[in-house]
Amino acid sequence: MRPPLTPTSKMLALALALCASPALAVEGYYQTKTPYAPQQDPATYAAPPDGFQPVFTQLVARHGSRGLTSMKNDAALYAMWQQAAAQDALTPLGRELGPDILALMKANALLGYGVAGIEQAGYGNLSQTGIDEHRQLAARMLARMPALFAQVGQAAATAPRQLVTINSGVDRARDSSRFFTQSLLEHAPALAPLLYLPPAPAPYPQGRKAVAQPDGVNRFLLYAHKLAPQTDLVTDRANPHYATYAASQAYQYYERTKQLHALMDAPARLPAAAAHARHVLERLFAPAFLDQFEGGRASYADTGSYTFTSADGKLTRTMTGSGKTVIRSLNAAATKLYELYAIAAGMRHEVPADFSRYMPVEDARYYAYVADYEDFYQKGPATTESGGVTWRFALALREDFFKEVDALARGDLRHAAKLRFTHAEMLIPLASAMGLKQVLAPLPASASYSYETNPWRGQSVSPLAANMQWDVYRNGEGRLIVRLLYNEKETDFQASCDGARIAPGSVFYDYAKLKTCYGHVAAR
């Protein structure tokens with residue numbers, strides 16, 4: 001007769017199940033819309049040195065795969081398709097595009113309907129793929145550190161430790177947090193009383209009527225790219241959030257500069273843009289119809305109203321376009337089709353259409369390059385002349401990781417884990433702020449980002465559900481060591497920290513040396 005499974009052995013069994021056939025890559029040139037896959041087989045993780053036991057883990061994760069954020073590109077492209085249909089200017093393949101766009105629009109309008117945990121159905125919600133990404137990410141965290149969570153669960157009644165959970169306040173990040181923690185508690189119910197949502201930073205905006213935020217929301221850490229005077233104003237230079245607020249304003253000013261817009265517009269001016277647009281669109285539309293874009297003789301906007309009803313007939317939604325998204329060129333039309341192709345990759349449960357039929361691989365690669373080019377300059381390392389403006393607002397998030405380990409070093413074990421849920425606009429800058437290899441590599445303004453000379457790729461820096469995790473171990477003498485996982489792959493800290501490794505080539509770093517090489521000073 002086999003002995004009963006203990007909490008630790010149950011988690012180890014879960015680990016073996018999750019390691020059985022890990023998906024290590026998702027191809028298709030979806031750029032930052034790439035559905036998530038762990039980038040290392042957990043069975044190959046290095047074991048901690050003898051004498052070290054897990055004491056804490058922490059994570060920051062992008063929300064999971066989602067739908068379109070609003071009805072604009074889909075409706076504008078559908079308007080173009082409708083006009084082509086009226087002019088009998090569609091190829092056989094092109095005739096199939098319109099119904100597929102309409103199916104995508106319906107799926108987005110009703111996205112999340114009937115799903116427990118989604119408060120309001122519609123555009124911008126997590127898809128089922130996105131929900132699964134976070135549920136599975138939580139299960140793998142438990143499986144990776146079974147001894148930590150088993151010990152924390154067993155001591156919940158006598159020596160409770162907290163599972164601190166925060167999010168940006170945006171629905172898809174909040175929902176990712178909810179599905180992640182639900183999965184944790186399903187696999188380890190003893191952890192339920194330990195879940196803790198700390199109060200949001202308050203009162204903000206300073207000098208104005210305070211805007212209340214729900215418990216668990218922290219915009220200064222997880223939405224710092226878009227801090228607004230109406231909700232987040234910080235006027236007191238002594239306030240701990242002042243530097244983050246100022247860095248956010250500097251970044252938002254940078255996004256509006258002519259220099260950035262000139263950089264972002266550069267790819268569209270190259271001959272390759274016209275060639276790829278023609279190659280994509282002439283498979284769908286008659287050349288004479290496409291020629292109408294010349295001289296501004298044609299344009300298509302996200303106008304019109306569309307009504308969609310759920311399969312059970314209980315929810316009907318009418319969506320009306322704003323008319324602000326306009327297709328005035330072949331390049332704009334092909335780019336918007338690529339964006340539908342990319343988002344559909346994470347909506348395979350909701351959308352039966354196969355958008356890969358409309359986007360040949362060589363063209364998908366080109367449009368992924370254009371998107372990477374734009375993200376490199378807008379969210380990534382950017383230029384050396386920009387002085388880190390694209391990532392300095394994420395320094396507070398980086399410091400928050402160190403502060404958690406500082407508490408352990410002081411003997412404060414109240415937190416067993418810290419779980420943060422955010423967006424690509426924070427994950428990408430954080431990777432730069434951490435100085436990770438192949439991530440922080442700004443270019444002089446005189447150079448230009450290209451796939452041939454630069455390794456930065458959105459699909460590896462920030463796929464959907466992208467994440468960064470620190471596992472912390474302690475020995476009997478109180479020494480702390482840290483391992484970094486980036487998209488669940490053991491990853492080096494910045495190169496200047498090589499001397500903090502506990503041994504040459506080790507993935508474990510001495511914490512005291514690690515914080516020194518990053519210039520972090522623990523608060524007293």
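**A guided reading**

Guide: In this predicted model, Glu488 has a relative accessible area of 2% and is therefore buried.

Visitor: Where does Glu488 lie, and what is its phi?

Guide: Glu488 is placed in the loop between β10 (480-486) and β11 (489-490). Most residues other than glycine have a negative phi. Glu488 is not a glycine, yet its phi is positive, at about 65°.

Visitor: Is Asp88 buried or exposed?

Guide: Asp88 also has a positive phi, near 55°, without being a glycine. Its place is in the loop between α2 (73-86) and α3 (92-109). A residue counts as exposed over 50% relative accessible area. Asp88 has 68% relative accessibility, so it counts as exposed.

Visitor: Which peptide bond has an omega of about 5°, and which one has an omega near -5°?

Guide: Most peptide bonds are trans. Pro203 lies in the loop between β3 (195-196) and α7 (219-222), and Pro205 is placed in the loop between β3 and α7 as well. The bond with omega of about 5° is cis and joins Tyr204 and Pro205. The bond with omega near -5° is also cis, and runs from Ala202 to Pro203.

Visitor: How many residues of strand β8 are buried, and which residue stands opposite Ala417 in this strand?

Guide: Strand β8 (residues 415-422) is mostly covered, with seven of its eight residues buried. Strand β2 (residues 162-167) runs parallel to β8 and is joined to it by six bridges. Within β8, the residue opposite Ala417 is Leu163.

Visitor: Which residue stands opposite Lys418 in β8?

Guide: Here the partner strand is β1 (residues 53-62), which runs parallel to β8 and is joined to it by six bridges. The residue opposite Lys418 is Gln58.

Visitor: What separates the C-alpha atoms of Ala433 and Phe393?

Guide: Ala433 lies in helix α16 (residues 424-433) and counts as buried because its relative accessibility is 4%. Not counting residues up to four places away in sequence, it touches Trp391, Leu395, Arg398 and Tyr518. Ala433 and Phe393 are 40 residues apart along the chain, and their C-alpha atoms are separated by 9.1 Å.

Visitor: Why is helix α9 called oblique to helix α10?

Guide: Two packed helices are described by the angle between their axes and the distance between the axes. The axes of α9 (residues 242-256) and α10 (residues 258-265) come within 5 Å and cross at roughly 55°. That angle makes α9 oblique to α10.

Visitor: Which residues of α10 take part in this contact?

Guide: By class, the contact of α9 with α10 has two nonpolar, one polar and three charged residues. Helix α9 supplies Tyr254, Glu255 and Arg256, while α10 supplies Lys258, Leu260 and His261.

Notes: Residues are numbered from 1 along each chain as its sequence is written. This is a predicted model: local features need pLDDT of at least 70, side-chain atom pairs count only at pLDDT 80 or more; totals for chains, interfaces and linings use all residues. Side-chain values use heavy atoms; hydrogens and water are left out. Axes are lines fitted to C-alpha atoms, for helices over the stretch in contact, and angles run from 0 to 180 degrees between N-to-C directions. Helices (H or I, at least four residues) and strands (E, at least two) are DSSP runs, numbered from the N terminus. Angles under 35 degrees count as roughly parallel, over 145 as roughly antiparallel, 65 to 115 as roughly perpendicular and the rest as oblique. Contact means heavy atoms within 4.5 Å. Ala, Val, Leu, Ile, Met, Phe, Trp, Tyr, Cys and Pro count as nonpolar, Asp, Glu, Lys and Arg as charged, and the others, Gly among them, as polar. Buried means under 20% relative accessible area, exposed over 50%, partly exposed in between (1.4 Å probe, protein chains only). Two strands pair if DSSP finds at least two bridges between them.
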